[in-house]
Amino acid sequence: MQIPTSETQDVAKPASSDWFKGAIIYQLHIKTFCDANNDGIGDFQGLLSKLEYLRNLGVTAIWLLPFYPSPLRDDGYDIADYYNVHPSYGTLDDFRQFLEAAHEAGLKVITELVLNHTSDQHIWFQRSRRAVAGDPWRDYYVWSDDPNKYQDARIIFKDTELSNWTYDPVAKSYFWHRFYSHQPDLNYDNPEVCSAMTCSMLLMSNTGWFGSTSWTLARAPLADSSGSPAVRMRRLIESWGAWR
Ligand SMILES: [Ca+2]
């Protein structure tokens with residue numbers, strides 16, 4: 001591994017759009033890295049205390065796995081709130097403090113934003129499943145009385161899922177999910193969903209709370225060309241890329 005000198009450390013500065021080509025990225029899950037309050041779970045204060053250690057390793061960027069509020073049925077990729085931090089890891093202020101310190105130390109911070117789906121515990125889904133037909137919340141997710149639609153979309157997790165549709169007894173309808181049945185897909189046919197997720201991306205980028213040099217990665221099933229709502233999500237991501 002190349003240990004950066006004072007010259008090569010420049011890859012951590014925001015001036016270049018291809019900074020990542022020379023970056024030395026340290027990927028970590030906040031819960032397993034460093035526990036500052038000794039409750040057995042890693043947290044942002046713990047990570048904050050290790051920034052100098054990471055710099056001394058030659059790291060120029062920290063890649064954080066999802067740290068949002070979540071029931072953690074998919075290790076945090078099942079996000080229940082895009083605008084906050086899981087309470088086990090600290091507070092939003094703890095995150096801001098870490099981010100500012102990382103940037104002051106010349107470290108990039110990469111975060112992950114899951115766009116395809118939410119946790120079924122997200123307030124949007126809880127509202128959607130209870131919404132009557134015509135209520136705007138209903139169309140935040142993909143509902144159908146016919147579980148045979150989109151048959152050309154493969155089932156990703158065949159070991160646990162029998163279908164991409166799951167019947168919800170509250171909604172009395174089937175909802176669409178490419179991942180697990182506790183992760184309903186957002187409906188990118190709905191302009192309100194596009195707007196809401198654009199707000200989430202903006203908050204995670206250089207105009208929002210999350211600092212000036214964060215680089216947000218979107219994890220999504222981009223290979224899907226089945227004509228399912230994921231195609232509309234891909235268009236949103238591509239348009240987002242054009243804005244940057
Ligand atoms: Ca802790």
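Modeller: Let me start with helix α5. Strand β5 is among the elements that cover the buried residues of α5. Those buried residues are Trp124, Phe125, Ser128 and Arg129, in a helix that runs over residues 123-130. They lie on the same side of α5, because the arc they cover around the axis is only 125°. The spacing follows a simple rule. An α-helix has 3.6 residues a turn, so residues three or four places apart point the same way. Keep in mind throughout that this is a predicted model.

Strand β5 belongs to an open sheet of three strands, ordered β4-β6-β5, with antiparallel pairing. Its edges are β4 (143-144) and β5 (165-168), each of which pairs on one side only. Two bridges join β4 to strand β6 (residues 173-176), again in the antiparallel sense.

Arg154 is exposed, because it has 11 C-beta neighbours inside 10 Å and the cut-off for exposed is 12 or fewer. Check one distance here. Arg154 and Asn164 are 10 residues apart along the chain, and 8.1 Å separates their C-alpha atoms.

Phe95, Phe98, Leu99 and Ala102 are its buried residues. They cover an arc of only 100° around the axis, so they lie on the same side of α4. Turn to the other side of α4 and you find Asp93 and Glu104, both exposed.

What lies over the buried side? The cover for the buried residues of α4 includes the helices α2 (44-48) and α3 (51-56). It also includes the strands β2 (61-64) and β3 (108-114). After α4 comes Gly106, with a positive phi near 80°.

β2 and β3 are joined by three bridges and run parallel. Ala61 has Lys108 in β3 as its bridge partner. To get from β2 to β3 the chain crosses through α4, and this β-α-β crossover is right-handed. β2 has another partner as well: strand β1 (residues 25-28) pairs with it through four bridges, in parallel. There, Leu28 is opposite Leu64 of β2.

Asn38 lies in the loop between α1 (30-33) and α2. Its phi is positive, about 60°, although Asn38 is not a glycine. Asn38 is exposed, with 7 other C-beta atoms within 10 Å. Asp75 lies in the loop between β2 and α4. It is not a glycine either, and its phi is positive, near 55°. Asp75 has 11 other C-beta atoms within 10 Å and is exposed.

Now step back to the whole chain. It holds seven helices and seven strands. From the N terminus their order is β-α-α-α-β-α-β-α-β-β-β-α-β-α. Of its 244 residues, 32% are buried. Take contacts between residues at least 6 apart in sequence: 60% of these join residues at least 24 apart.

Last, confidence. The mean pLDDT is 82, and 76% of the residues reach 70 or more. Residues 1-14 have pLDDT below 50, and this stretch makes 21 contacts in the model beyond near neighbours in sequence. Residues 206-229 are also below 50, with 56 such contacts. Where pLDDT is low, the predicted coordinates should not be read in detail.

Methods: Residues are numbered from 1 along each chain as its sequence is written. This is a predicted model: local features need pLDDT of at least 70, side-chain atom pairs count only at pLDDT 80 or more; totals for chains, interfaces and linings use all residues. A residue is buried if 20 or more other C-beta atoms lie within 10 Å of its own, exposed if 12 or fewer, and partly exposed in between; C-beta atoms are placed from the backbone. Two residues are in contact if their C-beta atoms, placed from the backbone, lie within 7 Å. The arc is that of the directions from the helix axis to the C-beta atoms. Two strands pair if DSSP finds at least two bridges between them. pLDDT is the predictor's confidence in each residue, from 0 to 100. A crossover is right-handed if, with the strands pointing away from the viewer, the path from the first strand over the helix to the second runs clockwise.
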